[in-house]
Amino acid sequence: MNLYNIKDNSEQVSFAQAVRQGLGRDQGLFFPEVIAPLADVDALLDLPLAERSARIISHLLGDEVPAAKVSELINAAFTFPAPLVKLKDGTYALELFHGPTLAFKDFGGRFMAQCLAAFRTNDKITILTATSGDTGAAVAHAFYGLEGIEVVILYPKGKISPLQEKLFCTLGGNIRTIAIDGDFDACQALVKQAFDDEALKKAIGLNSANSINISRLLAQVCYYFEAVAQLPKADRAKAVISVPSGNFGNLTAGLIAKALGLPVKRFIAATNANDTVPRYLKTGQWEPHQTVATLSNAMDVSRPNNWPRVEELCRRKGWALETLGSGMRNDADTRDALKRLHQLDYLCEPHGAIAWDLLGEQLAEDEVGIFLCTAHPAKFKESVDEILGLDVPLPAPLAKHAELPLLSVNLPAEFAGLRAFLLA
């Protein structure tokens, strides 16, 4: 598999190198040179999740990684289901929270960990990543205890849910966590500064586990196939998928699935008040505002890292950006959507509720709607309990970590302090 740097097309790397390197020159994102359609998608959709996913990834990687090795990596990573649940209003929820950290990022985080363990040399590796909530837990648990790999996770202090924080800031060992005095965009900016520091990169073997890493992105492609596979065959080509969108890796993966031949009619990019992309699609002006904290904190991103990949794929496929559905919901809208979902006997959380609400607004009568549920409601217990008047029980993974002490350190949003921490 050959990939190129979107910012500097002369930089071309293999999949293994892209996994180890994370970002290209000038903070450029790597993107596959070829995304050839799959030969028989209908037959593929009849296969079980892991077997189908291994074939999809093998197709993308070409002859770089033997098919048997890809199957081994997928079987070790995808050990949990992604059920499609039909609601009373006729739409479907794709539940992506049945993994060990109760969030969709378990798919990408675990696959990346398997890839990095398989491709690593004897050199030291330090994973540096920023999280707005769920990436931190998925990455921490995927890499916990892996020999020779250190993980450092930055998150915005006080701006993720307490249970999200507990899930990844209580592990210790090779997992170090830093609460940054700032928002997610400030954390992401620090990660980018680190990647621009060549001496630091060399000294600690820097890599990233954000959705900027191509291995995470390819893993996410697979659950879009799983969603459509669970639809009645007559409905597949009518599928409209609403994607809760923050850093836009999830939507990028969906569009790659479509480029591979998955019969999806269209996508909706659903955001909260941090609505840079919906405004851009309406006006053509890229004008990020200051990030604001919302109930759907994993989407509190004003400068989405993966958006250049969306534009690159649409350019290559000749897809007009305007064909993407989009929209935003504020916290009041989110509260209302959660209540209406509960009246349909479906317990959701803020991110999925936003995707469902925009899906209902934009779905035509002859279309079939799917919205992505990216986290278990218990990860947002405080807000869900308060909005719905419930006492959501904690699943075992959350209950276990809820009682443990936080091990994070606090740092200002300044690169000098982070650099010193990484070199210590």
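1. Let's begin with Gln27, which sits in the loop that joins helix 1 (15–21) to strand 3 (30–32). Please keep in mind that this is a predicted model. The phi angle of Gln27 is near 60 degrees, a positive value in a residue other than glycine. With a relative accessible area of 21%, Gln27 counts as partly exposed, because the cut-off for buried is under 20%.

2. Phe248 also has a positive phi, of about 70 degrees, although it is not a glycine. You will find Phe248 in the loop between strand 10 (239–244) and helix 11 (249–259). Is Phe248 buried or exposed? At a relative accessibility of 4%, Phe248 counts as buried, since buried means under 20%.

3. Thr131 is worth a look on your screen. Thr131 belongs to the loop between strand 6 (125–130) and helix 6 (134–143), and its relative accessible area is 0%, so Thr131 is buried. Which backbone nitrogen does the side chain of Thr131 reach at 3.3 Å? That of Thr135. A polar atom of the Thr131 side chain also lies 2.9 Å from the backbone nitrogen of Gly136.

4. Leaving aside residues up to four places away in sequence, Thr131 touches Gly136, Ile153, Leu154, Tyr155, Pro156, Phe168 and Phe184.

5. At the start of helix 8, a side-chain oxygen of Asp183 comes to within 3.2 Å of the backbone nitrogen of Asp185.

6. Rolling a probe the size of a water molecule over the atoms shows where empty space is left. The largest pocket has a volume of about 280 Å³. It is lined by 16 residues, and Lys7, Lys192, Pro304, Asn305 and Pro308 are the closest to its centre. By type, the lining residues divide into 9 nonpolar, 3 polar and 4 charged. Which helix supplies the largest share of the lining? Helix 13 (residues 307–317) does, with 3 residues.

Key
Residues are numbered from 1 along each chain as its sequence is written. This is a predicted model: local features need pLDDT of at least 70, side-chain atom pairs count only at pLDDT 80 or more; totals for chains, interfaces and linings use all residues. Side-chain values use heavy atoms; hydrogens and water are left out. A polar contact is a pair of N or O atoms within 3.5 Å; within protein, one must be able to donate a hydrogen and the other to accept it, and residues adjacent in sequence count only if both atoms are side-chain atoms. Helices (H or I, at least four residues) and strands (E, at least two) are DSSP runs, numbered from the N terminus. On a 1 Å grid over the protein atoms alone, a cavity is a set of points where a 1.4 Å probe fits but cannot get out, and a pocket is an open set with protein on both sides within 12 Å along at least five of seven lines; lining residues have an atom within 4 Å of a point. Grid points are joined across faces, edges and corners, and a volume is the space filled by probe spheres set on the points. Ala, Val, Leu, Ile, Met, Phe, Trp, Tyr, Cys and Pro count as nonpolar, Asp, Glu, Lys and Arg as charged, and the others, Gly among them, as polar. Buried means under 20% relative accessible area, exposed over 50%, partly exposed in between (1.4 Å probe, protein chains only). Contact means heavy atoms within 4.5 Å.
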